Amino acid sequence: MRIPRLQSINITGLVLSVLVAMGHAARTPVEGVAAVVDGTPILFSDVEELRQAMASQRPAFEAQAVSEQRKEVLARLIDEKILVARAKQDTTLKVSDKDADAKADEWYGRVVQQQGGEKQLELALKQATGMSLGQFKARIKDQTRDQMYRQKLQMKFVGDPDPSQLQVREFFEKYRDSLPVQHDGVRLSHIQWRIKANNAIDSTARAQAQILITRLDKGESFAELAKDRSDDFSGKDGGDLGYTKRGTLDPDYERAAYVLDAGDYTAHPVKTRFGYHIIRLTARKDNEIRTSHILIKVIPSAEDTVRAHHFLDSVGQALKTEQAFRSAARSFSEDRQTREMGGDLGWFQHDSLNSAYKEVVDSLPEGGISGAVLIGDSYHLFRLDRKVSERHLTLEEDYATISQYAKELLISQKLSSLLEKWRDRVSVESRIAQFKSSEESPDAEAGDNSSH
């Protein structure tokens, strides 16, 4: 059975993941407007790009006739635009240009890193889509802003449902044949060892944080101290991190925050991997807390970095078997999520790997273990557990991914009922029939899957 249409897709991410991977594949030029929603056009090219991306990843969708694929994709894009239009009509939902631009820049930076630099991304885009970097950046900004509006609308009217194990299992049994096929799959494990500052640096940072607590005790403003002294990006906002659910922030940070009363701050600095925090609880609502903090970073020295590298490298050289690697991960790894599983990171599609991971993976044979690799503030040992050209998702090995699909379905079902009400409030004009009469017919170039 096919999965019902899901809302809130990341269009740019889905299209890029496929089109960039196509490398030298020929473009399919499709011009014109497929629909207009609340004055915003949806281009034929938008429909065609998403259709090709979905067809390459979802077998059940690919099995349909191209004309049916286009109808489904256009309906999906129209629903997306209706949600955005409805969100913009809601005066309680705001998305600032500053926040949207910051998220778009962050997303663009990850794509650049994944592709190995701007030059490589520019070449891949030109070969696969004909877009320039400027056009791609503009698309990311537009779609990031739309996505933020959809997320705010979703949180207001639907919330953030968490499917139970039974719901995930039922979803998998019902839709397993429609789940995406993973191509060029690699299963990885790792051991993470964070670079730690020496005692002298650590003690100095803690003392600085304690001095700030003393100043707070004497009546100074928390927000002003955060703006003046915090090493975190939130300092400009007085240290405010907004509302967060349990499990979102660092566990040590949360343990200290949840025992506070509203308006209180921690009597002593709280240490996390980022440094020392002074945490203030602003408010509580339902299962969320709102906190502000002042962060004094603990920055390791060059000697600390060398020491961490030597340690993990020596550990890696002593590991000869999978069992030894699993045992070492349970003993040494500082990744709390994978440590008890022997460092198992699960399956990845090769093209979706971060460039830092990809370079390591490409250098390893199956069963091979890398040397110490620096990523962020930690060194990692990677083990290439398995490598396959194609695989289907399983509940045992891909539970987190399948759970996310089940969550999206729950959200989609709730949004669908709301969309029925909202469609009457938004102007929608579909021009899908013009696909057949366009001068450069997509059917002629792309073929029709119904003949297969």
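User: How many salt bridges does a search of the whole structure find?

Analyst: This is a predicted model, and the search of the whole structure finds 35 salt bridges. Asp 79 and Arg 423 form one of them, with their closest N and O atoms 2.9 Å apart.

User: Which parts of the chain does that pair link?

Analyst: The pair links distant parts, 344 residues apart. Asp 79 belongs to helix 4 (residues 66-89), while Arg 423 sits in the loop between helix 15 (399-422) and strand 11 (428-430).

User: Is Asp 79 buried or exposed? What does Arg 423 count as?

Analyst: Residues under 20% relative accessible area are called buried. Asp 79 has 2%, so the residue is buried. Arg 423 has 27% relative accessibility and therefore counts as partly exposed.

User: Which residue forms a salt bridge with Arg 176, and what is the relative accessible area of Arg 176?

Analyst: The partner of Arg 176 is Glu 173, and the closest N and O atoms are 2.9 Å apart. Arg 176 is partly exposed, with a relative accessible area of 40%. Glu 173 is partly exposed at 46% relative accessibility.

User: What is the N to O distance for Glu 340 and Arg 339?

Analyst: Their side chains meet in a salt bridge at 3.8 Å, N to O. The cut-off for a salt bridge is within 4 Å, so the pair is counted. Glu 340 counts as exposed at 58% relative accessibility, whereas Arg 339, at 27%, counts as partly exposed. Elsewhere, salt bridges that share partners join Asp 97, Asp 101, Asp 105, Lys 141 and Arg 145 into one network.

User: How are two packed helices described?

Analyst: The description uses the angle between the axes and the distance between the axes. Here, take helix 8 (residues 165-175) and helix 15, whose axes come within 9 Å and cross at roughly 90 degrees. The two helices are therefore roughly perpendicular to each other.

User: Which residues meet in the contact of helix 8 with helix 15?

Analyst: Helix 8 brings Gln 165, Gln 167, Val 168, Phe 171, Phe 172 and Tyr 175. From helix 15 come Tyr 399, Ile 402, Ser 403, Tyr 405, Ala 406, Leu 409 and Leu 410. By class, the residues of this contact are ten nonpolar, three polar and no charged.

User: How do strands of a sheet pair?

Analyst: They pair through backbone hydrogen bonds, in either a parallel or an antiparallel way. In this structure, an open sheet of four strands has the order 4-7-6-5, and the pairing is antiparallel. Strand 4 (240-245) and strand 5 (270-272) are at the edges, each with a single partner strand, so one side of each has no neighbour in the sheet. From one strand to the next, the twist averages 45 degrees.

User: How many bridges join strand 6 to strand 7?

Analyst: Ten bridges join strand 6 (residues 275-285) to strand 7 (residues 288-297), and the two run antiparallel. As an example, Ala 283 has Arg 290 in strand 7 as its bridge partner.

User: Which strands does helix 10 touch, and which strands does helix 11 lie across?

Analyst: Helix 10 (residues 222-229) packs on the sheet and touches strand 6 and strand 7, its direction making about 45 degrees with that of strand 7. Helix 11 (residues 251-258) lies across strand 4, strand 5, strand 6 and strand 7, and runs at about 50 degrees to strand 6.

Methods
Residues numbered from 1 in each chain as written. Predicted model: local features only at pLDDT ≥ 70, side-chain atom pairs only at ≥ 80, totals over all residues. Heavy atoms only, no water. Buried < 20%, exposed > 50% of the residue type's maximum accessible area, 1.4 Å probe, protein only. Axes fitted to C-alpha atoms, helices over the stretch in contact; angles between N-to-C directions. Parallel < 35°, antiparallel > 145°, perpendicular 65-115°, else oblique. Contact = heavy atoms within 4.5 Å. Nonpolar A, V, L, I, M, F, W, Y, C, P; charged D, E, K, R; others polar. Pairing = 2+ DSSP bridges.
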